[in-house]
Amino acid sequence: MARTSRIPGFYKLSIDERLRIVKGFANLTDEEIKLLNNFGNLGATRANVMIENVIGGMTYPFAVAVNFLINGREYLVPMVLEEPSVVAAASNAARVMRRDGGIKAKASEPIMIGQIQVLNVPNPHYAKMAILEHKDEILDLANKQDPILVKLGGGAKDLEARVINSRIGPMLIIHLLVNVKDAMGANAVNTMCEAVAPLVEKITRGKVLLRILSNLAVRRIVRAWVKVYKDDIGGEDIVDKIVAASAFAEADPYRAVTHNKGIMNGIIAVALATAQDHRAIEAGAHAYAARDGVYRPLSVWEKDDEGNLVGSLEMPLAVGVVGGATKTHPVAKIALKILGVKTAKELAEIMGAVGLAQNFAALRALATVGIQKGHMKLHARNIAIMAGAEGELIDKVAEIMIKEGRISYSRAVEIIKELKKN
Ligand code: MEV
């Protein structure tokens with residue numbers, strides 16, 4: 001039978017039936033199927049309702065970064081990711097950031113923006129005024145969709161309208177500004193935007209097309225800042241080098257992207273551990289970095305008048321502690337318990353602080369010994385495992401490769417053979 005990816009009703013099948021089809025399609029072995037058909041600490045039933053067409057689970061390591069003191073509170077920070085050295089780097093950075101109450105961080109009110117696109121408005125500038133005139137009516141209707149959120153002090157708070165010129169002519173864009181409290185907010189905001197669309201059409205005499213949250217969460221900002229004492233990091237020379245590394249990112253988008261990637265290493269690891277929408281966080285962060293037309297770093301490192309290093313970070317961060325997978329993934333629930341956070345604001349502050357610490361760790365390594373040295377050990381262990389080393393052999397093979405300065409799959413295979421012979 002010809003191999004085809006056209007499989008009507010695939011979503012209706014059981015996990016076992018889907019697996020059977022994929023097995024045939026990709027020539028998977030029984031062992032590979034067994035490995036896939038493992039749902040770890042999520043469980044098959046939960047996994048199967050979380051997304052569609054589920055055929056298995058995939059486990060990433062869950063670690064905790066230590067030493068974090070943020071706003072005077074002690075935190076163990078759960079991190080889930082595949083990259084070696086990140087957790088160690090975050091922990092090391094946090095160790096030199098414990099003076100004066102640790103890293104400071106402050107999140108704004110959790111205001112998300114919902115966009116309503118109105119087309120074919122006969123007189124868009126006049127219609128904009130009409131929308132503003134009917135603001136209370138529109139906000140009331142939006143708030144009727146979520147009485148619980150309103151009771152908690154959240155809900156649609158304000159509204160903006162703009163006429164933009166596009167390739168297909170002018171359009172009226174309305175922004176609903178919604179305080180989403182402890183949720184990431186996408187569901188609440190999208191529901192409100194959809195609900196007010198008919199009223200918007202009536203007021204503007206236009207046609208509403210898109211009704212959706214914007215991931216450029218410029219009204220949901222976290223700021224984090226820290227002073228790192230020069231004596232804790234090897235003196236003023238190191239401070240100067242980190243400042244020069246930061247200046248490089250401030251002046252060059254090629255470097256700024258990598259600088260920000262280092263920040264996101266920490267932020268996304270916490271986002272994964274707590275089951276956040278990390279795509280939304282990434283999209284918002286990078287758009288914010290480019291908000292004035294040039295891509296810039298989300299953090300800046302300077303030297304204070306005593307020669308110490310001071311760092312600051314500012315970025316949008318839409319995270320939640322209710323709704324989404326944060327409450328349905330059993331491990332995300334445990335991650336939040338380890339953090340001891342009760343509000344989305346506190347979670348955002350922790351994540352901002354972790355991003356800043358992670359960034360410092362990367363710059364410090366890059367400006368001194370380079371990052372390969374730190375990477376080496378875990379990298380060598382990974383290669384050793386890939387080459388078939390098990391148990392005690394893993395560290396032995398890794399050590400030999402590091403000593404020789406030759407870390408490669410083929411060398412690992414050779415060493416395993418030699419060690420087994422002996
Ligand atoms: C690697 O995952 C992250 C770094 O490239 C960040 C940076 O260059 O600042 C080390």
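Helices (H or I, at least four residues) and strands (E, at least two) are DSSP runs, numbered from the N terminus. Keep those labels at hand for this tour.

This is a predicted model: local features need pLDDT of at least 70, side-chain atom pairs count only at pLDDT 80 or more, and totals for chains, interfaces and linings use all residues. Residues are numbered from 1 along each chain as its sequence is written, and side-chain values use heavy atoms, with hydrogens and water left out.

**Stop 1: the largest pocket**

Select α2 (30–36), α3 (44–50), α8 (186–204), α10, α11 (278–289), α12 (325–328) and α13 (330–339). Each supplies at least two residues of the lining of the largest pocket. Two terms are needed here. On a 1 Å grid over the protein atoms alone, a pocket is an open set of points with protein on both sides within 12 Å along at least five of seven lines, whereas a cavity is a set where a 1.4 Å probe fits but cannot get out. Lining residues have an atom within 4 Å of a point.

The largest pocket holds about 1,400 Å³ of space. A volume is the space filled by probe spheres set on the points, and grid points are joined across faces, edges and corners. Now pick Met50, Leu272, Ala275, Ala325 and His329: of the 44 lining residues, these are the closest to the centre of the largest pocket. Colour the lining by class. It has 25 nonpolar, 16 polar and three charged residues. Here Ala, Val, Leu, Ile, Met, Phe, Trp, Tyr, Cys and Pro count as nonpolar, Asp, Glu, Lys and Arg as charged, and the others, Gly among them, as polar.

**Stop 2: the second largest pocket**

Move on to α4 (86–95), α10, α14 and α15 (372–386). Each gives two or more residues to the lining of the second largest pocket. α14 has the largest share, with nine residues. The volume of this pocket is about 720 Å³. Its lining counts 32 residues, and Ala89, Ala361, Ala362, Ala365 and Ile371 lie nearest the centre. By class, that lining divides into 14 nonpolar, twelve polar and six charged residues.

**Stop 3: the ligand**

Which pocket does the ligand take up? It takes the space of the second largest pocket. (A molecule sits in a cavity or pocket if more than half of its atoms lie within 2 Å of its grid points.)

Show the residues around the ligand: Glu83, Arg255, Thr258, His259, Lys261, Gly262, Asn265, Ala362, Leu366 and Ile371. To be near, a residue needs a heavy atom within 4 Å of the molecule. α10 (253–273) and α14 (344–367) each give two or more residues to this shell. α10 gives the most, with six. The shell has three nonpolar, four polar and three charged residues.

From a polar side-chain atom of Glu83, the distance is 2.6 Å. From a side-chain N or O atom of Arg255, it is 2.7 Å. From a side-chain N or O atom of Asn265, it is 2.9 Å. The protein covers 87% of the 300 Å² of accessible area that the ligand has on its own. (Accessible areas come from the Shrake-Rupley method with a 1.4 Å probe.)

**Stop 4: the cavities**

How many cavities of 30 Å³ or more does a search of the whole structure find? The search finds two.

The largest cavity has a volume of about 60 Å³. Select its lining residues, including Ala107, Arg220, Leu317 and Lys345. β8 (221–228) and α14 each give two or more residues to this lining. α14 has the largest share, three residues.

The second largest cavity holds about 40 Å³ of space. Among its lining residues are Asn215, Ile281, Pro316 and Leu317. α11 gives the most, with four residues. By class, this lining has seven nonpolar, two polar and no charged residues.

Note on methods:
Polar contact = N/O pair within 3.5 Å; in protein donor to acceptor, adjacent residues only side chain to side chain.
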